[in-house]
Amino acid sequence: MSLVAEPRAPGKPAALQTMSLVELNVGGELYTTTVGTLKKFPGSKLAEMFNAAKLPRPDSQGRIFIDRPGIHFRPILEYLRSGQLPTQSIPEVYREAQFYEIQPLIKLLEDTPQIFGEQVARKQFLLRVPGYNENLELMIRIARAEAVAARCSSVLVCAVRTEEDATRCLDALQTLETDKRSVVKFGPWKASPAIIDLLDCVKMDIEAQGYCISYQPYPAEKGFRIKSSDYFYKFTFTWW
């Protein structure tokens with residue numbers, strides 16, 4: 001194992017002294033640092049990796065192997081060395097800081113606009129939308145079921161922000177149900193973002209799963225007593 005320490009008796013592990021050099025293979029990216037740097041925050045998971053009697057397994061060259069994205073370990077290591085905060089790939093570095101449980105870095109990253117906006121603003125809004133994640137999964141299932149021998153498939157979405165909106169849509173929903181049309185309904189929710197904000201979140205989160213998706217207002221059908229474009233939207237999945 002690539003750990004430089006004081007001479008030791010045969011069969012005994014190297015003492016993990018603060019100034020001992022250690023070579024790391026993090027997801028294929030190679031790093032050299034000191035044990036003291038890795039243990040800078042004693043309560044972190046990273047520090048515990050080098051406190052334990054059993055170190056992470058070595059690679060074929062004897063370097064300590066950590067099976068995580070290696071490119072995002074570099075800003076983690078820079079922070080441990082000098083306190084320097086990353087300026088790029090903030091969400092990815094934040095995820096790694098959470099994995100290694102480096103709390104001071106986590107708190108600093110949560111104050112950045114990227115993480116604050118996602119964690120405090122957008123995610124807190126979506127927690128107030130009942131069944132949001134389940135509805136995303138339902139949309140994907142419907143789209144995939146209609147994708148046989150087709151370039152595109154569409155999913156009809158009804159988004160209602162208030163109970164009053166939900167009441168206005170009842171007749172239209174009943175008409176669609178009579179015609180055996182599947183509709184995924186979002187809302188109502190108790191938060192300030194508008195319907196268009198919800199639709200943008202749906203598009204963003206489905207695209208994050210690798211799908212090509214767009215949406216547009218759904219035109220009124222016979223039996224609709226409302227302006228359907230206020231509440232009904234067609235999401236189109238493009239497969240090729």
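Q: Which residues are buried in H3?
A: Buried means under 20% relative accessible area, exposed means over 50%, and partly exposed lies in between, for a 1.4 Å probe and protein chains only. Helices (H or I, at least four residues) and strands (E, at least two) are DSSP runs, numbered from the N terminus. In H3, the buried residues are Phe73, Pro75, Ile76, Leu77, Tyr79 and Leu80. Please keep in mind that this is a predicted model, where local features need pLDDT of at least 70, side-chain atom pairs count only at pLDDT 80 or more, and totals for chains, interfaces and linings use all residues. Residues are numbered from 1 along each chain as its sequence is written, and side-chain values use heavy atoms, leaving out hydrogens and water.

Q: What do the buried residues of H3 pack against?
A: Packing is read from contacts, meaning heavy atoms within 4.5 Å. For H3, the partners of its buried residues are strands S2 (21-26) and S3 (29-34), together with helices H1 (35-38), H2 (45-49), H4 and H5.

Q: At what angle do H3 and H4 pack?
A: Two packed helices are described by the angle between their axes and the distance between the axes. Axes are lines fitted to C-alpha atoms, for helices over the stretch in contact, and angles run from 0 to 180 degrees between N-to-C directions. H3 (residues 73-82) and H4 meet at about 65°, and their axes are 9 Å apart. On the H3 side, Phe73, Pro75 and Ile76 make the contact, while H4 brings Val93, Glu96, Ala97 and Tyr100. By class, that contact has six nonpolar, no polar and one charged residues. Here Ala, Val, Leu, Ile, Met, Phe, Trp, Tyr, Cys and Pro count as nonpolar, Asp, Glu, Lys and Arg as charged, and the others, Gly among them, as polar.

Q: How can I check the span of helix H6?
A: The expected span of a helix is 1.5 Å times one less than its number of residues. H6 (residues 113-126) has 14 residues, so it should span 20 Å, and its end C-alpha atoms are 18 Å apart, which agrees. Its buried residues are Ile115, Arg122, Phe125 and Leu126. These buried residues of H6 pack against H4 (90-100), H5 (103-110), H7 (132-145) and H10 (195-207).

Q: In what order do the four strands of the open sheet lie?
A: Strands of a sheet pair through backbone hydrogen bonds, either parallel or antiparallel. Two strands are taken to pair if DSSP finds at least two bridges between them. The order is S6-S5-S8-S7, with mixed pairing. At the edges are S6 (183-186) and S7, each pairing on one side only. Neighbouring strands are turned by 30° against each other on average, direction ignored. H7 packs on this sheet, touching S5, S6 and S8, and its direction makes about 165° with that of S6.

Q: How many bridges join S5 to S8?
A: Seven bridges link S5 (residues 152-159) with S8, and the two strands run antiparallel. Look for Cys152, whose bridge partner in S8 is Thr238. S8 also pairs with S7 (residues 212-217), again in the antiparallel sense, over six bridges. In that pairing, Gln216 has Lys234 of S8 as its bridge partner. S8 (residues 232-238) is mostly covered, with five of its seven residues buried.

Q: Is Leu176 buried or exposed?
A: Leu176 counts as buried because its relative accessibility is 0%. Leu176 lies in H9 (residues 170-178). Beyond its neighbours within four places in sequence, Leu176 is in contact with Leu156, Arg181, Val183, Glu221, Phe224 and Phe232. Leu156 is 20 residues away from Leu176 in sequence, and their C-alpha atoms are 9.9 Å apart.

Q: Where does Ala149 lie?
A: Ala149 is in the loop between H7 and S5. Its phi is near 55°, which is positive in a residue other than glycine. Ala149 counts as exposed because its relative accessibility is 86%. Lys180, in the loop between H9 and S6, has a positive phi too, near 60°. Lys180 is exposed, at 75% relative accessible area.

Q: Is the peptide bond from Gly187 to Pro188 cis or trans?
A: That bond is cis, with omega near 0°. You can find Pro188 in the loop between S6 and H10.
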